[in-house]
2 protein chains.
Amino acid sequence: VQVAILLFDGLTALDAVGPYEVLWRMQDAEIAFVAAEPGPKWTDNRALALVAERSLSDVQQPDILVVPGGFGTRALLADEALLDWIRRVHATSVWTTSVCTGSLLLGAAGVLQGLDATTHWLSLDRLAEFGARPVQERVVRQGKVITAAGVSAGIDMALTLAALAAGDDVARAIQLNIEYDPHPPFDTGSPRRAPPEVIERARAGSRAAQAR
Amino acid sequence: VQVAILLFDGLTALDAVGPYEVLWRMQDAEIAFVAAEPGPKWTDNRALALVAERSLSDVQQPDILVVPGGFGTRALLADEALLDWIRRVHATSVWTTSVCTGSLLLGAAGVLQGLDATTHWLSLDRLAEFGARPVQERVVRQGKVITAAGVSAGIDMALTLAALAAGDDVARAIQLNIEYDPHPPFDTGSPRRAPPEVIERARAGSRAAQAR
């Protein structure tokens with residue numbers, strides 16, 4: 001099972017690393033970190049680089065595609081070479097997936113037309129621009145297309161995907177291997193339950209991070 | 001607030017990236033990925049490299065130290081130059097933390113002597129070798145030393161730490177920014193609740209991963 005995880009400058013590291021940490025544990029998984037130009041790809045805050053070893057042309061028919069998000073997606077929404085690659089990969093993929101604003105790239109490639117889909121709560125409205133129906137759920141599956149909510153939701157998405165691709169027993173054991181027994185210290189992880197002042201602070205934090 | 005995150009070959013990527021994704025969102029956080037030799041550091045399965053930009057000698061007095069785990073920790077348990085660095089950093093740090101088997105490195109440096117501490121459930125027994133009292137909790141705080149359980153527990157640890165270092169309001173907003181509203185598909189993330197066959201499969205998975 002070949003898993004292609006797209007990297008680009010301005011990505012959110014956890015969007016890519018959460019699914020990676022789950023999916024490589026599937027037996028016979030082969031993980032390929034791909035980018036338009038191989039090499040180090042810097043995160044949204046430029047504090048960390050993840051290395052892409054493969055180019056898009058190296059990886060043409062992965063079984064699973066994972067598209068992470070991050071501020072860097074904006075510059076790619078009109079990148080026809082990348083969108084073409086996503087379309088071609090999606091034509092033969094078994095699963096096409098995204099985390100956070102990675103779904104905007106799937107949308108721009110036309111993959112989400114007529115489908116329910118999700119993304120980071122701050123960008124949810126934008127999905128309609130691509131003919132998708134925005135849904136505020138953590139993991140949204142429509143046939144072979146699976147979109148996840150913001151950042152940390154990629155872990156839940158990947159465990160769901162591992163269950164679909166390799167069976168529940170495999171996914172259950174992977175969940176134990178990564179000791180995914182979450183105990184968040186607060187109940188503010190969803191805008192549906194966070195109080196208004198937390199939502200306002202999170203919006204301001206996101207704006208400040210973009211400005212940097 | 002300077003945050004030093006240690007990288008080394010054979011690390012588990014999510015151990016480092018989970019805390020990173022939380023802690024950089026603290027206002028005025030400066031994240032430094034450090035390694036004995038700067039450059040790309042390969043994960044346990046050699047599918048991904050994270051780039052360390054700074055050397056140990058570059059970063060002498062960070063406010064926060066994060067030590068991730070992974071199979072690569074074994075080769076470092078007798079690395080006196082690294083253990084010395086950990087000891088010196090710990091002498092002036094505000095918070096000294098670990099994720100997964102990163103706590104074995106803290107232990108080898110003498111930091112956990114006489115303290116409650118945790119680590120990945122598969123390595124819990126090893127903590128006693130370093131004079132620590134093994135505790136099967138997700139996040140264990142003893143004064144300024146915070147250890148987290150396996151892999152994904154670093155996210156919970158870092159949110160706890162962000163609350164301690166920057167206040168609950170900051171941590172609540174960060175939790176919303178990373179949309180950390182976990183919905184694991186199974187209830188097998190802890191060995192305390194996973195059924196025996198899942199535990200056996202997870203052990204076998206870990207052995208197979210080490211053998212690769």
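This is a predicted model: local features need pLDDT of at least 70, side-chain atom pairs count only at pLDDT 80 or more; totals for chains, interfaces and linings use all residues.
The contact draws on 66 residues from chain B and 67 residues from chain A. About 5,800 Å² is buried between the two chains, and 61% of this area lies on carbon and sulfur atoms. On the chain B side, B:Leu176, B:Glu179 and B:Phe186 supply 13% of the area buried against chain A, more than any other three residues.

Polar interactions were also counted. Between chain B and chain A there are 37 residue pairs in polar contact, with both residues at pLDDT 80 or more. The number of salt bridges between the chains is 2. In one salt bridge, B:Asp181 is paired with A:Arg193, and the closest N and O atoms are 2.6 Å apart.

Several elements of chain B each supply at least two residues of the side that touches chain A. The helices are H1 (13-23), H4 (153-166), H5 (168-177) and H6 (196-211), and the strands are E2 (30-35), E3 (39-42) and E4 (49-52). The largest share, 9 residues, comes from H5(B). By class, this side of chain B has 36 nonpolar, 15 polar and 15 charged residues.

The same surface serves both copies, as 100% of the contact residues of chain B recur in chain A.

Notes
Residues are numbered from 1 along each chain as its sequence is written. Chains are lettered from A and ligands numbered from 1 in the order in which they are written. Side-chain values use heavy atoms; hydrogens and water are left out. Contact means heavy atoms within 4.5 Å. Buried area is the accessible area (1.4 Å probe) that two parts lose on being put together, summed over both. A salt bridge is a side-chain nitrogen of Lys or Arg within 4 Å of a carboxyl oxygen of Asp or Glu. A polar contact is a pair of N or O atoms within 3.5 Å; within protein, one must be able to donate a hydrogen and the other to accept it, and residues adjacent in sequence count only if both atoms are side-chain atoms. Helices (H or I, at least four residues) and strands (E, at least two) are DSSP runs, numbered from the N terminus. Ala, Val, Leu, Ile, Met, Phe, Trp, Tyr, Cys and Pro count as nonpolar, Asp, Glu, Lys and Arg as charged, and the others, Gly among them, as polar.
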